[in-house]
Each structure stands twice: as C-alpha cells, then as structure tokens.
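User: I've got this model open and I'd like to learn how to read its features one at a time. Can you walk me through it?

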Amino acid sequence: MKSILQRGFTTAEFEMRATKAQQMMREKEVDAIVLTTEPNVRYFSGFHTQFWHSPTRPWFLILPAEGKPIAVIPEIGASGMAGTWVEDIRTWASPCPEDDGISIVASVLNSLPSRFGRVGATLGIESHLRMPVNNYLQLTKLVTKEFVDVSLAIHELRQVKSAAEIEKTREICRITNVGFDKIASYAKVGMTEREICKQFGIDMLMEGADECPYIIAGSGLDGYDSIIMGPTDRVIEEGDVLIIDTGAVRDGYFSDFDRNWAFGHASEQTKAAYRATYEATTAGFEAARPGNTTSDIYNAMWKVLEANGALGNDVGRLGHGLGMELTERPSNTATDNTVLKPGMVMTLEPGMVYAPGKSMVHEENIVITENGAEWLSRRAAPELPIID
C-alpha cells in the first residue's frame with residue numbers, strides 16, 4: 001500500500017513554529033535568529049530541496065522578533081523559496097567568494113529593531129553553521145549586535161513535534177516495517193550483506209519512501225561487532241547473525257530502527273542477548289512518560305541489560321530524538337536528564353556487549369503522549385528470528 005499521506009504543512013503550522021520561536025527569543029533576549037542549516041531552514045520556511053547536498057553555496061533564513069522569516073539565499077533558489085510561506089526573499093548571484101551573501105545578511109540584521117542588541121545563531125551543542133568560519137567572523141564585525149548561541153533553544157523547539165509531524169514519522173515507520181517484513185522471504189545463506197540491503201532499500205522505495213540514505217548492516221558467526229559500518233560484500237553463512245539498521249525518509253521525516261536475524265541456528269547465549277534487549281525496550285517504553293526524563297529511560301533499560309550479563313555498551317547512549325534528522329537531541333544517557341514532554345519522538349535503542357567481540361542492539365521508535373508512550377514502529381519479534 002503506497003502512502004497517500006498529504007505532503008508538506010499548512011501555513012498555520014509554520015505560523016505556530018515562528019510564534020513559539022519568537023516567544024523563546026523574547027525569553028532569551030535576542031532580536032533575531034540566523035538559521036543556516038537545512039533542517040532549521042526547512043523547519044521554519046518549508047523550503048525542501050535536495051540542493052543542500054551541494055556544499056558550494058550558503059543559505060540564510062532570518063527570523064525577526066515579529067513577523068515572517070526573511071530569506072537571504074542564492075538566486076538559484078528564489079523560485080523554490082517563493083513556493084513557501086516566506087514572502088521577503090533577497091538573493092545574490094552565488095557562488096561569490098568575495099561576498100557570498102554576507103553583506104545582505106548584515107544589512108537585514110542591522111535594519112531590524114534593536115531591543116536587546118543580540119542575534120541568535122546555532123553555535124553550540126549538536127549544531128553547526130554550514131558557512132565558512134571566516135564569513136561568520138566577518139558577519140560578526142559587520143552587524144552592530146552581539147551574536148549569542150541559541151542552539152539548545154532551537155533543539156528544544158523542534159523536540160516537541162506537532163500532530164502533522166508525528167503522522168509523517170508514523171508513515172515512514174510503516175513503510176520501513178514493510179521493508180523489514182519482506183527480508184525473511186528473500187535473504188538466504190550465500191547472499192552478501194550488500195545484496196540483502198539493496199533489495200531492502202528497493203522495497204521501501206516501492207512502498208513510498210523518498211530515499212533510504214542510511215542502511216547499515218553487520219554480520220558474523222553467531223554475532224556481530226559493529227553497528228555503523230557496511231553493508232559490505234561479506235557473504236552470509238550458516239550460523240551468522242545479521243543486523244540491519246535503517247533511516248528511511250518520506251517527506252523530510254526519518255524512521256530509525258533495526259532488526260536482527262540468525263541464519264540456520266544461533267547459540268543460546270545469542271538468543272538470550274536478543275531477548276534481553278527486547279525486554280530492555282519494554283522497560284524503556286514503560287519509563288517513557290511525561291515528567292520522567294531521558295535518564296529514567298536509560299536507567300530502566302540499562303538495569304535490564306546489566307541483569308542479563310551485559311559486559312558494556314559501546315554505543316554511548318540507549319536511544320535519542322528523531323524527526324527531520326536521523327538523530328536529534330536529546331540522548332538517552334545516564335546524565336542527559338531531559339524532561340519528557342508529549343509530542344517528543346524518540347528511539348529506544350538498548351544495546352549490549354554480551355561476549356567478547358559480540359554485540360546485540362535493538363531499536364524501536366516511539367512518541368511520548370499525554371498518558372505514556374505509543375509505538376511508531378511495529379515491534380520486532382520477542383525471540384530472535386531464524387531464517388532457514
């Protein structure tokens with residue numbers, strides 16, 4: 001069943017996002033925010049293009065203290081931006097290394113009312129500028145306002161998803177489940193990781209995914225030792241365990257979960273590790289309630305893993321935020337302590353090293369609701385699937 005979910009968002013959605021951001025700006029005492037990364041520009045404008053894959057040109061979206069955003073973009077994007085709710089679009093002929101939009105951005109910022117004398121930019125945690133550092137330094141000299149970091153505040157705004165955003169995530173999770181469901185029908189001993197993942201990606205595209213930019217695979221005799229590499233040309237053999245983790249995209253929103261299979265047979269130790277990560281996911285789901293924290297989720301899951309003999313966890317966290325990016329803040333760690341709110345879309349990703357050189361990782365996608373959590377991905381089987 002191909003997706004029929006409506007694409008894009010209403011103007012009311014973008015007005016709501018801008019209003020929330022402008023309230024935050026008053027609290028942070030900034031007169032404007034300069035946005036330069038694809039997710040942030042898209043979040044506040046609706047400008048959705050694959051052209052961001054080209055690193056040549058910078059793009060700027062300025063959100064003033066009142067009113068709609070102002071786009072300062074290369075002229076090649078003018079017609080695309082005109083299709084969004086943004087009306088004030090200023091362009092230049094880019095690439096132009098001697099002045100790639102910097103003077104226009106400075107002019108806009110200097111022309112805005114200066115109540116606080118400060119401009120926000122994403123300078124901090126899990127953020128970047130996507131513009132040459134020298135250009136940013138030049139901008140700070142041309143603008144008669146102080147630049148301050150608002151990265152965490154922007155993350156917090158985007159953490160709580162609207163109903164429309166949640167539906168987009170729910171749909172790409174459905175599509176991803178369809179792809180995973182088909183693997184057992186064609187994957188077999190003698191195929192390579194790459195061959196299996198290629199068919200998996202095709203199935204998701206046929207079901208309605210726009211792209212499948214993240215498909216990893218790891219395999220090995222009765223276990224695997226990596227969850228971020230591959231797929232490779234390694235041939236699947238009898239007794240292997242295979243993990244595939246994917247981030248597929250539809251209409252700009254990601255899924256992010258994995259599945260595991262054994263071929264022919266698996267040891268009781270490996271089956272037990274799978275069962276432990278499944279049970280840990282249950283514990284994490286039960287802890288994922290409004291008012292609890294990401295650290296509560298972590299502790300609930302790690303308690304199960306530790307009780308089942310985990311030798312460690314080399315991933316560094318047991319899940320994270322999810323949305324327009326494959327991974328978003330916050331992180332499920334022992335010290336993150338982000339308070340959970342309804343509308344937050346998260347991954348539960350318990351993982352454990354259960355023997356030297358062997359890991360087991362299990363991942364699902366959920367959304368925090370008023371009363372607890374809801375599964376967005378359809379849960380994996382409670383016992384390790386074995387493909388004969």
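Analyst: Here is a short tour, feature by feature. Keep in mind that this is a predicted model, in which local features need pLDDT of at least 70, side-chain atom pairs count only at pLDDT 80 or more, and totals for chains, interfaces and linings use all residues. Residues are numbered from 1 along each chain as its sequence is written, and side-chain values use heavy atoms, with hydrogens and water left out.

User: Let's start with rings. How many aromatic pairs does the structure hold?

Analyst: Rings of Phe, Tyr and Trp (its six-membered ring) pair if their centres lie within 6.5 Å; planes under 30 degrees apart are stacked, over 60 edge-to-face, and the rest tilted. By that rule the structure holds 13 aromatic pairs. One of them joins Trp-52 and Trp-59, which is tilted, with 5.8 Å centre to centre and 40° between the planes. Both Trp-52 and Trp-59 are buried, where buried means under 20% relative accessible area, exposed over 50% and partly exposed in between (1.4 Å probe, protein chains only).

User: Which parts of the chain does the pair of Phe-180 and Trp-261 tie together?

Analyst: Helices (H or I, at least four residues) and strands (E, at least two) are DSSP runs, numbered from the N terminus. The Phe-180 and Trp-261 pair is tilted as well, at 6.1 Å centre to centre and 45° between the planes. Phe-180 lies in helix 7 (residues 163-186) and Trp-261 in strand 10 (residues 257-263), so this pair ties together parts that are 81 residues apart in sequence. Both of these residues are buried.

User: Over which ring does the charged end of Arg-17 sit?

Analyst: A charge sits over a ring if NZ of Lys or CZ of Arg is within 6 Å of the ring centre and within 35 degrees of the ring normal. The charged end of Arg-17 sits over the ring of Phe-9, 4.4 Å from its centre, and also over the ring of Tyr-43, 4.2 Å from its centre. Phe-9 also belongs to a cluster that ring pairs make with Phe-14, Trp-85 and Tyr-253.

User: What about cysteines: how many disulfides does the structure hold?

Analyst: A disulfide is a covalent bond between the sulfur atoms of two cysteines. Here it is called when a pair of cysteine sulfur atoms lies within 2.5 Å. The structure holds zero disulfides. Take Cys-173: the closest cysteine sulfur, in Cys-212, is 13 Å from its own, too far for a bond. Cys-173 counts as buried, at 0% relative accessibility.

User: And which residues have the most contacts inside the largest nonpolar core?

Analyst: A nonpolar core is a set of buried Ala, Val, Leu, Ile, Met, Phe, Trp, Tyr and Cys residues joined through side-chain atoms within 4.5 Å. The largest one has 36 residues, and those with the most contacts inside it are Tyr-224, Ile-297, Leu-305, Ile-366 and Ile-368. Elements giving two or more residues to this core include strand 8 (240-250), helix 9 (268-287) and helix 10 (294-307). Helix 9 gives the largest share, seven residues. Apart from this core lies another, of 32 residues, among them Ile-172, Cys-173, Ile-215 and Val-367. Ile-172 is in helix 7 and is buried, with a relative accessible area of 0%.

User: Now a single residue. Is His-362 buried or exposed?

Analyst: His-362 counts as buried, at 1% relative accessibility. You'll find His-362 in the loop between strand 15 (358-361) and strand 16 (364-368). A polar contact is a pair of N or O atoms within 3.5 Å; within protein, one must be able to donate a hydrogen and the other to accept it, and residues adjacent in sequence count only if both atoms are side-chain atoms. The side chain of His-362 makes one with the side chain of Glu-364, at 3.1 Å.

User: Last one, the backbone. Which peptide bonds to prolines are cis?

Analyst: The bond from Ser-94 to Pro-95 is cis, with omega near 10°, and a cis peptide bond joins Gly-230 and Pro-231, where omega is about 5°. Pro-95 is in the loop between strand 4 (88-92) and helix 4 (102-111), while Pro-231 is in the loop between strand 7 and strand 8. For phi, look at Asp-251: its value is positive, about 55°, although it is not a glycine. Asp-251 counts as buried, at 10% relative accessibility.
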